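Hi,

Here's the structure I promised to pass on.

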Amino acid sequence: MVAIAAGLHHSLALREDGTVWAWGYNINGQLGDGTSASRNVPAPVGGLTGVTKIAAGCNHNLALVGPPSGGTKPTSGNAVRAWGYNATGQLGDNSTINRYTPVDTQGIWLGGVSQIAAGCNHSLAVTDSDNRLKTWGQNTSGQLGDGTTDYRITPVPVPGIKGVQLVAGGREHTLVLLGDNTVRSWGANGSGQLGNGTTAESSTPVTALTALTGVDKIAAPVGGDFSLAN
C-alpha cells in the first residue's frame with residue numbers, strides 16, 4: 001500500500017500496482033464495486049488502474065489516474081475519476097446521480113491535474129500546467145471559492161488563486177498553501193476555521209493570519225470545522 005484515505009464511514013487504500021481497494025459503508029456506492037452492499041474486508045474498486053493519488057470525502061471519492069475512459073482525451077497529464085454520493089454534484093460528472101462505479105469528472109483533465117482533495121461534499125483539483133485550483137460540488141458556505149453559494153456539478157476555477165502547492169477540504173471550508181508558504185482559506189467560518197480573526201464565512205479566498213508564514217503542510221478533516229498548518 002502506498003496511500004490511504006478515510007471518509008465518514010468508509011476507507012480506501014492505493015496499492016503500488018495502481019489499483020484502489022475500499023471497505024466500509026456503501027449505501028451510496030462509495031466503495032465503487034457496483035453495489036450498495038457494505039463490506040468489512042477490502043475489495044477492489046471496479047475499473048480503476050494506473051491510479052497515483054486518492055482522496056475521500058464524507059461519502060464520495062476521487063482518484064487521480066491517466067486519460068479518461070471516453071470523450072476528448074488529454075495529450076498529457078492526468079485526469080480525475082469519482083464515485084459515490086453525488087447529490088450536490090461532488091463527482092463533477094454534470095449530474096447529481098450517485099455513482100456505484102467510477103466516472104470521469106468533466107472538463108478537468110485538459111492540461112492535466114497534479115493534486116486532488118475532497119471536502120465533505122465538495123471536491124478540489126490543482127491543474128498541472130499552472131498550479132491553479134478548480135472546485136465543484138456543495139457550496140452552501142462558499143467553500144468552492146468562486147464568489148457564489150451556487151452548487152457546481154462540473155469544475156469551476158477559483159479566481160485569483162495560482163501557485164497552489166497543497167490543497168485541503170474540510171466539512172464546508174477549503175485551504176490552499178501557496179508558493180510563498182502562506183495560506184488562503186474560504187467557506188464556512190463559524191468556528192474560526194478560516195484563521196482570519198473573524199467568524200464570518202467567505203465565498204472568496206481570505207488570508208489566514210499574517211503571522212502564519214513559513215508553512216509547508218496543511219490539513220482539514222472532511223467532517224470537521226477546524227484547520228491545521230505546520
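Below is what turned up, starting with the disulfide and moving on to a sheet.

A quick word on the basis: this is a predicted model, where local features need pLDDT of at least 70, side-chain atom pairs count only at pLDDT 80 or more, and totals for chains, interfaces and linings use all residues. Residues are numbered from 1 along each chain as its sequence is written, and side-chain values use heavy atoms, with hydrogens and water left out.

You'll find one disulfide in here (a pair of cysteine sulfur atoms within 2.5 Å). The partners are Cys58 and Cys120, whose sulfur atoms sit 2.0 Å apart. The link ties together distant parts of the chain, 62 residues apart: Cys58 is in the loop between strands S5 (53-56) and S6 (60-65), while Cys120 is in the loop between S9 (113-118) and S10 (122-127). Strands here are DSSP runs of E with at least two residues, numbered from the N terminus. The Cys58–Cys120 link is left-handed, with -115 degrees about the S-S bond. Cys58 is buried at 1% relative accessibility, and Cys120 is buried too, at 10% (buried means under 20% relative accessible area, with a 1.4 Å probe and protein chains only).

S5 and S6 also belong to an open, antiparallel sheet of four strands, ordered S5-S6-S7-S8; two strands pair if DSSP finds at least two bridges between them. S5 and S8 (99-104) are the edge strands, each pairing on one side only. Between S5 and S6 there are four bridges, and Lys53 has Leu64 in S6 as its bridge partner.

Cheers

Terms used
Buried < 20%, exposed > 50% of the residue type's maximum accessible area, 1.4 Å probe, protein only.
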